[in-house]
Amino acid sequence: MVLTTTACGARLTDQQLTAVRSGNSTGSGAAAGDGSTDTTLADALGTDATVPGSSGTGSGAGAGNTTATTSGSGNVKGTTTNVHAMPAGGNGGATDVGVSATTVTLGNVSTLTGPVPGLFAGATVGAQAAVAYENSLGGLFGRKFKLDARDDQFDTGQNRSQTIDLIGKALGFLGSFSLYDEAAADQIKQANLPDVSHALGEARLNIPNNFSIQASAKGGPLGPFNYLKQKYPDAIKAVGSIYSDIPSAVALHQGYKRAAVSVGYQYKYERGIGATETDFTSDVVRMRDLGVKLIYLTSVDDKTAARFAKAMKSQGFKPTAFVVNGSGYDADVLALAGDAAEGMLVTSSSSMYGGEDAGVIPEVALMDKWVNNVKPGFKSDIFTAYAWAGGRLLFQAMENVGPKLTRPAVNEAIRKIGVFDDFGLFAPSNPGTKAPAPCFIVLKVVGGKFTRFDSPPAAFRCADGPWFFG
Amino acid sequence: MLSAETVDVKFGVTYALSEATVEAHEAQVTGLIGPNGAGKTTLFNVITGLQAPTRGRVTIDGEDVTNLKPHIRARKRVARTFQRLEVFGSLTARENILVACEIRNQWDSTSEDPRTVADEILDRVGLREVGNQPVDAMPTGLARLVELGRALAIRPKLLLLDEPGSGLDSSETLGLGQLLTELAEDGMAILLVEHDVELVMRISKEIYVLDFGRVIAHGTPGEVKDNADVQAAYLGAEVPA
Amino acid sequence: MTAFLAYTVIGIATGCIYALTASGLVVTYTTSGIFNFAHGAIGMLMAFTYWQLTVQNGWPQWLALIAVLLVIAPALGALIQRTLMRRLYGASISTTLVITLGLLLAFIGVATVFWDPGEPRSLPEFFAGNRVKVFSIFVSYHQITMITVAVLVAVLLRLFLFRTRIGTAMRAVVDDPELASLNGAAPDRVAMVSWALGAALAGLAGILLAPLVSLDIILLTLLVINGYAAAMVGRLKSLPLTFAGGLALGLAEAHAIGNLPPNILNIAKPALPIFFLYAVLLALPQARLRVGRVVNTHRAPRVASLRESLVAGAGFVAVAAILASVLSPGDLFTAGQGIVFALIMLSLVLLTGYAGQVSLAQMTFVGVGAFAMGKFFGGGSFLGIIAATVLAGIAGAIAALPAIRLQGLYLALSTLAFAQGMSQVFFKNTNVFGFGGRLEVKRPDILGVSFRGDRAFFVLLCVTFALCGIGVLALRRGPFGRRLIAMRESPAACATLGLNLTMTKLAVFSLSSAMAGLAGAFYGGLRGQVGLNDFEMLQSLVLLLLVSVAGINTVTGALMGGLTFGLFPKIQRSLPGIPSLSFLGAGLGAVALGRNPNGWTSDVGPRIARLRKMLRPGDSGTQDGREPEPNVAPAPEAVSSAQR
């Protein structure tokens, strides 16, 4: 079906992607309060774990030999054995599908080819990087990991058949990424194998054994909106918003809008743009004439964000704030927009995994190192980060399970880990309960580069507000 | 039966037809001759509704049909053949006629079985032997006969023939002439465009001569033959006795 | 007031681009009778070439412009005309559409090979950084350049067409296609010039657009669709009107954004070019039935008898049952996809192969069928299959009705507008595919027998295909089938026999889309879910291409085409080094089609017949295997002038 998904499909992909990335949910269900304590956040995320508020302390063991750490989530390690070596007395051999005495096979089905070649290749690369890293430590309990990566070629049917095939061969899924990931959701649910993949489709997200890094949810985050409100109190009364007109992006926009309106935002102009639209001069002029002060791009792709910035520049329109949600953090935006992007704000629930944070968040440097190991010169993107983080979560869980590796045990272990932020790479969320993360950071384009703005140097803002489930 | 009155057809700045007035009466063959580009086919197109006239009127059986669509005019039992073949090439000769009969049965109140009629017409035009050949594979002359047969399928009262004899050998031409005479004797009005002037002269009761879109002569075959304008128009060509 | 003027200026700027794009289209169409669907693709290629020369190789702008617009683009246009279009003069819309579409895909493939889509590329604007204030807005020098160029082109084209000899020769076709066609195909030199000119205009539009749009292969190729509406306003022959049409569209869009309240705007804006197109198409006067047949060079395929089709059908089902028990689930799925597409293609055999009508919206009807199957009667009922078929049939009638007076190209374009409209209004509607853009479709139980299992479903699918195939052949052998063929071969002759073409067309459109809807029910059931991406208009185009390449007027052709389609992903996977294989393949297929309009399976029938003749020498009456004399319409005036 490669042929048939050309053109419009490719454009749609871009925009659906942005829905994905914009859907980096931020916020939690608990009420906002200033200076909210760790326990409030923890309540919100549905676990009584102590959540790390700053970088450096992960919610699990760090690299290398483990020590008996209680991450407070009930993962008790009684011994100080080397978890990477074969235990005395063996590891039990083939304890479940995809497991042998020496290897564990993990599956990945992502869209690699199609109208947009290499669409979600980052996901596969991220998974490979995580696997390579874990193998470099020696694997777990005498087993090394193998990633069986498949391509669904941007086709539902392919996704389904590849997924079904892998269910019979792998212990679980790591880092799968596809617009068609609902294709075999029923089978994944039935097999009850660990599926540590960021789910795009609702059906995939809702199965109990899917553990999405940063699950999305209905409604929107109050955190960023409260922040903007406090910073630009007048501007929020005159908002102009642009979003992609694909149903999922529309839904996202509407959820975010409801959240914003609930704290006093007033929208003067909003438009859903089509896949082939490239000229935004009229929109800019209209918004300027309507007195719009805050421009919020809810769910657009990087090219649209760049074009919009350029349209604003060419008309000399500088609103009080120009904010792009999620997908704005993309080097391509800077490349395409040039100095028109100067001053652009991005609200994001991930750290600057592209490298800017490498100095302050070791995990960023680590991921970068191993990504370059498996694919030299590869530019990490959000899918890479999801897959990498997923790997870290999965391996931690498997470590906690011990040598007798079974699918249900791994699922349980993931749930027990509870809150997970991959050592500061992402805002903390709970893959087990699918609670969206309440935290975010603000980025600003300064001197042609993304820099943290009004945000702690190596952590997230978590106190601005919960998730608005409306 | 048929009357085309002062028909003008203008393309750009050229007049394909200018004040052309032609009549065709029942039970006779009316000839229509003239050099190339004279406008004969254009006139046919105007009569059948495939070309709108810039000016003028077309009357069939007393009724003004100038503004009627082609298929409505056809249902008044007007049939035609085309100068450049418009046969249904993928279908066999028999199927060509058969489909015309079936179409006719849709709008005509008749109890005649299409297949019977089709076979009858096939015989009449002398194509029984090649009935099962696809017309695409036939020589042009035979294909023209298929078109003629197809036109007959709707039991027309007025038959417009555009060079039906083109591509026929002399015995076939004789046969054609015979057939047309018989049809006329049965009451049909036939308007015949032909380059085989001998044939036209032989079977027509009246002849119109067209040149540069105008009717330059009209009369019996004898009158037309002797007409000086006609001879001038055919400059140099022998007008056979 | 200033606001109004501001939007007017914006509208003029964008409108000029539409006008420029459309002018190139009109120039090629009026002089060759071929609507070049690959026009935008040519523009895209030229924009990339220009980028390559200026940004990558450092050529000065003026040199690169000369090279691209005066050398490379015209050469490409002339090449296309020489190798492909020359044979197509007077060909049917289905043939030309398919071939130009193949070109489009081939060009996309070529571009993908040379310029990796993963990297962002941009072209600087002309006179970048400079702008001028007009009313309350800023107009960049680049936009002024665009307007100037568009106006200049319009003026120069008019001078060219009215004052030069070649231009006048081209115009002869514009003024009266009838007369011109009576004189036979346009002399080669005129045709080559017109295609060269068209390509240069495409390249010009591409180079001007690319800085604003970014160098995106697919996007640049598709933007030309906005120009179609403008071209229609000019009735595909009047350049001034085309220009006006482009301006009108640009102005409408700008003022819509400028004035409409957001909730209306969100529905109106995306639909604007489509409504434009539809409105113009409907306002066109009833097209004259054209006399003057295409030179018919292809053999009519032999039609199987009832006994033969029943036997073949039974054999097919038998093979299917065996395969169902033998194939792995993955392979069974692939085979199933193939059969589903074979069924869709069968519906096109009916519509395009038999009746000669072109539909660029077939996948839309498949989508309607899938939707009905998934939504109604609980999502997995036998009644759902019926609903899918009936609903799609009705949709087909609705689609055809407004455009039924139109013919050929215009009818095809109105189906395109319909497909686009459905895409915007129906499939994107959250009530149809929900907020996820996806709908679950279940498999049916029939009379207590469950077909939810993969194997049972596959067999059911094959039985359905066999039944439809037998039905289509039976139709072909009967009166309705004969009428369809007649309508395709000569609508004019049909009219003179008293046939109301409208009703016949309506009937075949409905029947064909009903079959597509039936296929849609299986399409959804096979995959378990469908999404709005599955039914995009471009899908329909590709489908049409494949059907034509495989053989558009036989059941066998539909089957072959469908299976090829289903196998594509497998082939693609075994050749990972060539991601654009599918595009190149499609392109080459289309070129090959230019040589054998019947498609490659058309050879199958005659070969079998020849084989049979060898085995049973006494057999007479089969007409295949013999070279037919082409029934060439004699050039009338030329022949008869000998008698002067």
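## Helices α3 and α4 of chain B

The crossing of α3(B) and α4(B) is right-handed; a crossing has this hand if the near helix is turned clockwise from the far one by less than a right angle, and is left-handed if the turn is anticlockwise. Helices (H or I, at least four residues) and strands (E, at least two) are DSSP runs, numbered from the N terminus. This is a predicted model, in which local features need pLDDT of at least 70, side-chain atom pairs count only at pLDDT 80 or more, and totals for chains, interfaces and linings use all residues. Residues are numbered from 1 along each chain as its sequence is written, while chains are lettered from A and ligands numbered from 1 in the order in which they are written.

Two packed helices are described by the angle between their axes and the distance between the axes. Helix α3 (residues 93–107) of chain B meets helix α4 (residues 114–124) of chain B at an angle of about 135°, and their axes are 8 Å apart. Axes are lines fitted to C-alpha atoms, for helices over the stretch in contact, with angles from 0 to 180 degrees between N-to-C directions. The angle therefore makes α3(B) oblique to α4(B) (under 35 degrees is roughly parallel, over 145 roughly antiparallel, 65 to 115 roughly perpendicular, and the rest oblique). Contact residues, whose C-beta atoms, placed from the backbone, lie within 7 Å, include B:I97 and B:L98 of α3(B) and B:V117 and B:I121 of α4(B). By class, this contact has nine nonpolar, one polar and three charged residues; Ala, Val, Leu, Ile, Met, Phe, Trp, Tyr, Cys and Pro count as nonpolar, Asp, Glu, Lys and Arg as charged, and the others, Gly among them, as polar.

## Chain B as a whole

Chain B contains nine helices and ten strands. Its C-alpha atoms fill a box of roughly 50 × 40 × 35 Å along the principal axes. A compact globule of 241 residues would have a radius of gyration near 18 Å, and the 17 Å of chain B agrees with this; the radius is taken over C-alpha atoms, and the globule rule is 2.2 Å times the number of residues to the power 0.38.

## Two helix pairs in chain C

Helix α1 (residues 2–32) of chain C and helix α8 (residues 188–213) of chain C have axes that come within 9 Å and cross at roughly 165°. These two helices are therefore roughly antiparallel to each other, and α1(C) passes α8(C) in a left-handed crossing. Among the residues in contact are C:L20 and C:G24 of α1(C) and C:W195 and C:L201 of α8(C). The contact has 13 nonpolar, eight polar and no charged residues.

The axes of helix α12 (residues 262–283) of chain C and helix α17 (residues 408–427) of chain C are 9 Å apart, at an angle of about 150°. The angle makes α12(C) roughly antiparallel to α17(C). The crossing of α12(C) past α17(C) is left-handed.

## Confidence in the model

The model scores ipTM 0.90 and pTM 0.79. Chain B averages a pLDDT of 87, where pLDDT is the predictor's confidence in each residue, from 0 to 100. Among the elements of chain B, α3(B) has the highest mean pLDDT (93), and helix α9 (residues 228–233) of chain B the lowest (76).

Chain A averages 82, and its pLDDT is below 50 over residues 1–13. For chain C the average is 79, and pLDDT stays under 50 over residues 618–644.

Conventions:
Contact = placed C-beta atoms within 7 Å.
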